[in-house]
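Good morning, colleagues. Please look at the structure on the screen while I go through a few of its features.

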Amino acid sequence: MAAFDKVKVIVVGDSGVGKSSLTYLICHHQPINNPSWTVGCSVEVKLHEYKEGTPDQKTYFIELWDIGGSSSHRNTRSVFYNPTHGIILVHDLTNRKSQQNLQKWLAEVINKDGSSKSRVSSFDDFDPEQFVGSTQDCRQVRSLAAGSSSAVKLSRFFDKVIERRYHCRDGISPFSDKRRTLASLNPKFYHSD
């Protein structure tokens with residue numbers, strides 16, 4: 001059996017925004033029937049073809065760490081943050097507060113201590129080239145169907161995470177704060193049938 005290199009992508013956001021549903025959809029290509037509250041962390045694994053269709057194509061494991069969003073677990077979540085190669089920030093389109101809280105989530109992950117004293121003041125502290133935005137409905141398989149714009153963006157995001165982790169040639173650590181690769185997803189209630 002071939003050994004695959006892996007990257008760790010954490011999925012964070014407020015409780016109930018759809019992180020588990022999104023993670024399941026990404027890894028299994030089908031919606032989750034009965035999502036439950038995540039206590040602590042849940043890990044899903046996906047095989048990803050880096051630079052698919054090119055001579056550099058290679059298979060990697062993508063570990064998606066779905067971190068429970070309950071505020072009562074704020075002080076213990078930091079154990080799941082190291083090492084982190086990429087971050088997916090998730091919010092609910094019907095809950096403006098969950099979108100506003102993404103900055104707090106980002107600060108918590110970057111600061112790794114769960115404290116409210118943030119050394120990261122805003123998304124402006126990050127290179128916008130590393131920030132990938134998308135809107136998904138994690139209950140709809142077609143939202144991540146092969147060839148869809150969301151699937152292409154997600155694939156490019158994973159490629160960037162892998163690139164930073166394994167192919168960074170500029171001598172800068174792929175883990176430095178301003179170089180961390182981010183995606184922001186708002187997975188709920190987007191499509192209407």
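Let me begin with a term: a residue is called buried when its relative accessible area is under 20%, exposed when that area is over 50%, and partly exposed in between. Please keep in mind that this is a predicted model.

As for disulfides, a pair of cysteine sulfur atoms must lie within 2.5 Å to be counted. The count under this rule is zero.

I turn now to the strands, starting with β1, which covers residues 5–12. How many of its eight residues are buried? Six of them are, and the strand is mostly covered.

Which strands are joined to β1 by bridges? One is β3, residues 58–67, which runs parallel to β1 and is joined to it by seven bridges. Within this pairing, D5 has Y60 of β3 as its bridge partner. Another is β4, residues 86–92, also parallel to β1, with four bridges between them. Here V11 has I88 of β4 as its bridge partner.

Finally, consider helix α4, which spans residues 149–166 and contains 18 residues. From its first C-alpha to its last, the helix reaches 25 Å, close to the 26 Å expected at 1.5 Å a residue. Its buried residues include L154, F157, F158, V161 and I162. Also among them are S150, A151, D159 and R164.

Note on methods:
Residues are numbered from 1 along each chain as its sequence is written. This is a predicted model: local features need pLDDT of at least 70, side-chain atom pairs count only at pLDDT 80 or more; totals for chains, interfaces and linings use all residues. Side-chain values use heavy atoms; hydrogens and water are left out. Helices (H or I, at least four residues) and strands (E, at least two) are DSSP runs, numbered from the N terminus. The expected span of a helix is 1.5 Å times one less than its number of residues. Buried means under 20% relative accessible area, exposed over 50%, partly exposed in between (1.4 Å probe, protein chains only). Two strands pair if DSSP finds at least two bridges between them.
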